[in-house]
Amino acid sequence: MAEAIIPPRVLPLTAEHLGFRAGNVTVLSDVSLVIAPGSRNIVLGPNGAGKSVLMRLLHGLLTPTRGTLRWSSADGLAVRRAQAMVFQRPVMLRRSVRENVEFALQVAGHADVRRAAEAALDRVGLVQLADRAARLCSGGEQQRIALARAWALQPEVLFLDEPTASLDPAATRAIEETIAAIHAQGTTIVMTTHDLGQARRLADRVLFLHRGRLVEDTPAKVFFQLPHSLEASAFIRGELLW
Amino acid sequence: MVKRKIGRAWIRAMSMAIFAGAMTLPAMAEDKFIVVASTTSTQDSGLFGHILPLFKARTGIDVRVVAQGTGQALATAKKGDADVVFVHDKVAEAKFVEEGFGVDRREVMYNDFVIVGPKGDPAKVAGKNVMAALKKIEAGKAAFTSRGDKSGTHAAELRYWKQADIDPQSGKGAWYRETGSGMGPTLNTASAMNAYAFTDRGTWLSFKNRGELTVLVEGDTRLFNQYGVMLVNPARHPHVKKELGMQFIDWMTSAEGQAAIAAYKIEGQQLFFPNFRKG
Amino acid sequence: MQACRYTARMQEIPQSLALALGLLSSLDGTLLSIAGLSMRVSGVAVVAASLLALPFGAWLALARFPGRQGVIALLNGMMGLPPVVVGLLIYLLLSRAGPLGALGILFTPAAMMVAQAVLIFPIIAALARQVIEDAWGEYREQLVSFNATRSQCMRALLWDMRFTLSTAVLAGFGRAIAEVGAVMIVGGNIDGVTRVMTTAIALETSKGDLPLALALGMVLITMVVLINLAAQLIKSAAMKQHG
């Protein structure tokens with residue numbers, strides 16, 4: 001299959017003054033950012049900072065209680081079809097690995113489901129597991145299946161919510177390599193993590209969240225060498241932020 | 001594409017289920033059958049098991065007997081859910097014909113009622129006199145189970161109480177127990193309670209759960225129970241199988257049918273006495 | 001006196017057991033046809049009911065509309081529909097005097113299948129609704145992320161929860177094959193046509209032949225247990241394979 005760069009149609013995504021309240025708790029407030037095509041954005045921050053909620057707001061799984069989200073295309077269907085998401089805990093359907101990937105393609109109305117699924121599994125190195133029951137695979141394998149599934153959809157932007165949080169280092173490395181490969185093909189990456197090392201390895205740009213606020217939004221090099229904010233500096237030093 | 005595949009599979013499965021169900025539908029063309037609404041006492045006596053095969057051999061017609069209480073049987077026929085009615089309540093049957101629901105009523109046979117009770121006979125009713133027996137039961141407030149279900153047997157029982165000038169409802173809840181069920185269950189209750197009960201001989205002879213009950217009052221000519229057969233009025237219900245139904249009625253009142261009825265015995269005893277008289 | 005009668009009753013149980021074994025081993029013709037009819041009636045009823053109840057339950061699990069909680073409560077309540085009431089309602093529908101009388105299926109196995117399907121629809125639908133709604137909690141975000149339509153979600157969840165749902169279907173089958181009220185009224189317990197295990201048991205009881213009634217009861221219970229056993233074996237084998 002031709003290794004195509006994906007032309008940006010729905011990006012950039014502009015978020016302005018996003019806020020989210022759940023019950024009486026303000027989880028996010030006044031978050032403004034722009035996701036540019038081709039970038040590797042890491043949303044970094046301690047647990048409870050609001051990273052997962054931000055992911056879900058951007059992907060459309062939650063509706064913001066304040067603020068706006070603007071994609072670059074008015075075509076709602078195209079906007080939805082251009083995104084994919086991988087969650088911290090992979091949701092596997094109770095069928096084979098191959099069928100899991102095929103399901104995503106079928107729902108998207110893909111023309112040649114079988115071949116596309118095969119290709120996706122090949123890229124992730126899971127062809128030998130293709131006919132195994134997905135639920136019987138290990139955590140690392142399941143996450144790779146989830147990635148293959150997302151990748152097969154050829155999304156413009158891929159959201160990932162702490163994809164390696166529950167994986168061992170070997171599995172983590174495999175996931176990170178796959179993410180890099182997906183990015184190389186032209187997919188924009190937006191990923192959350194609380195792992196500093198992972199952010200260092202993967203980021204072009206770091207969005208640092210603390211207590212629901214976007215404290216810093218800078219290119220990766222700048223962030224790690226000369227962070228603007230106190231919270232970011234403390235976090236990089238390895239202190240506990242609360 | 002997937003949507004259509006699964007949708008089609010669903011339709012196929014549903015059709016198969018309906019087809020399987022439909023396969024049980026009577027093959028209208030080939031199978032000749034009629035539905036006869038009759039009573040549980042007649043069924044429980046085993047008479048149908050004896051005479052219906054003979055009828056089928058003679059005419060090739062399958063008789064499907066739905067056995068309910070007389071009241072329910074007549075209601076079923078009124079609605080047109082049966083082709084023929086075969087019950088034993090002259091008064092109710094006459095009303096049925098009068099109201100235009102039934103035609104061509106013929107008397108077919110009679111059996112008799114008996115009063116059964118505990119071997120010890122605390123109320124001392126044993127004998128040939130049904131009126132005296134009922135009076136003694138009421139006087140002694142002896143436990144008595146009644147069907148209480150508007151059946152032919154129940155209607156007959158109530159007529160005897162009336163003739164004896166007793167209102168059994170006065171003993172309701174005390175010694176007079178209405179079970180609201182068929183003859184068998186009522187006898188089951190009587191057997192368990194060691195009570196008296198009014199039953200037709202046919203059910204009694206094939207009843208296996210007697211406990212300590214035995215026949216105490218029999219032979220009173222007043223205890224004879226007349227059976228009548230009628231065709232459900234085709235003018236009211238055009239779908240009624242008039243032809244086949246009449247074949248059944250004709251056979252039941254023919255020499256062959258009447259002989260078959262007389263030939264049915266339990267423990268050597270004849271249960272039903274054919275009494276069809278022309279005209 | 002009382003003690004003697006008690007013993008006489010209890011003797012019926014070993015007597016019935018012997019009778020049951022005798023009937024089974026001799027493959028008594030009448031027994032086989034009655035048992036076969038029970039299986040056929042309840043089998044068709046459960047298949048037809050499931051084909052409607054499973055999608056309905058899945059739809060209700062995912063739908064959101066005002067009054068939804070009321071519908072769920074109603075559906076759950078209908079799990080306890082008395083069979084005899086269902087029988088009566090279907091009888092009034094199918095009677096010649098009723099709206100569907102022209103179908104002419106009263107007092108035939110078809111009517112019994114309809115009545116039992118109506119009876120068990122709420123059981124299967126209510127259980128399916130609960131199962132799918134619970135699963136939706138786990139699958140929702142991923143399925144929404146895929147842009148799956150409501151219908152695609154329903155089908156994916158129904159298939160994914162197939163093992164749990166099979167238990168609901170079996171529950172429906174158990175209820176159907178064990179009930180007597182509905183099939184008695186709409187079937188009429190006609191010898192050789194609409195007599196099933198439960199109505200045969202009722203008949204023998206009313207005739208006072210308790211040992212035979214009990215024996216038939218034992219055969220029925222054995223049948224149901226064997227069916228459930230088979231289903232369980234198939235299920236665990238499949239689960240081991242598919243997780």
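Which residue in β4(A) does A:Ala15 stand opposite? I looked this up and found A:Leu69. I took helices (H or I, at least four residues) and strands (E, at least two) as DSSP runs, numbered from the N terminus.

**Conventions**

I noted that this is a predicted model, in which local features need pLDDT of at least 70 and side-chain atom pairs count only at pLDDT 80 or more, while totals for chains, interfaces and linings use all residues. I numbered residues from 1 along each chain as its sequence is written, and I followed the order of writing in lettering chains from A and numbering ligands from 1.

**Sheet in chain A**

I recorded that β1(A) and β4(A) pair in the antiparallel sense over four bridges; two strands pair if DSSP finds at least two bridges between them. In general, strands of a sheet pair through backbone hydrogen bonds, either parallel or antiparallel. I then traced an open sheet of three strands in chain A, with the order β2-β1-β4 and antiparallel pairing. Its edge strands are β2 (25–35) and β4 (66–70) of chain A, each of which pairs on one side only. On average, neighbouring strands of this sheet are turned by 20 degrees against each other, direction ignored.

I also examined helix α1 (residues 51–59) of chain A, which lies across β1, β2 and β4 of chain A and runs at about 125 degrees to β1(A). For such angles, axes are lines fitted to C-alpha atoms, for helices over the stretch in contact, and the values run from 0 to 180 degrees between N-to-C directions. Two residues are in contact if their C-beta atoms, placed from the backbone, lie within 7 Å.

**Backbone exceptions**

Most residues other than glycine have a negative phi, and most peptide bonds are trans. I found a cis peptide bond from A:Leu11 to A:Pro12, with omega near 5 degrees. A:Pro12 is in the segment before β1 (13–22) of chain A.

B:Asp121 has a positive phi near 45 degrees and is in the loop between β4 and α6 (130–139) of chain B.

Why does B:Asp104 count as partly exposed? It does so because it has 15 C-beta neighbours inside 10 Å. B:Asp121 counts as partly exposed because it has 14 such neighbours. A residue is buried if 20 or more other C-beta atoms lie within 10 Å of its own, exposed if 12 or fewer, and partly exposed in between, with C-beta atoms placed from the backbone.

**Chain C**

I counted eleven helices and zero strands in chain C. Of its 243 residues, 45% count as buried. I looked at helix α8 (residues 162–178) of chain C, which has 17 residues and reaches 24 Å from its first C-alpha to its last. Among the buried residues of α8(C) are C:Leu165, C:Ala168, C:Val169 and C:Gly172. Their cover includes α3 (29–62) and α11 (210–242) of chain C.

**Confidence**

I noted a mean pLDDT of 91 for chain C, with 95% of its residues at 70 or more; pLDDT is the predictor's confidence in each residue, from 0 to 100. Among the elements of chain C, helix α1 (residues 2–10) has the lowest mean pLDDT (49) and helix α4 (residues 68–77) the highest (97). For the complex, the predictor gives an ipTM of 0.92 and a pTM of 0.85.

Notes
The expected span of a helix is 1.5 Å times one less than its number of residues.
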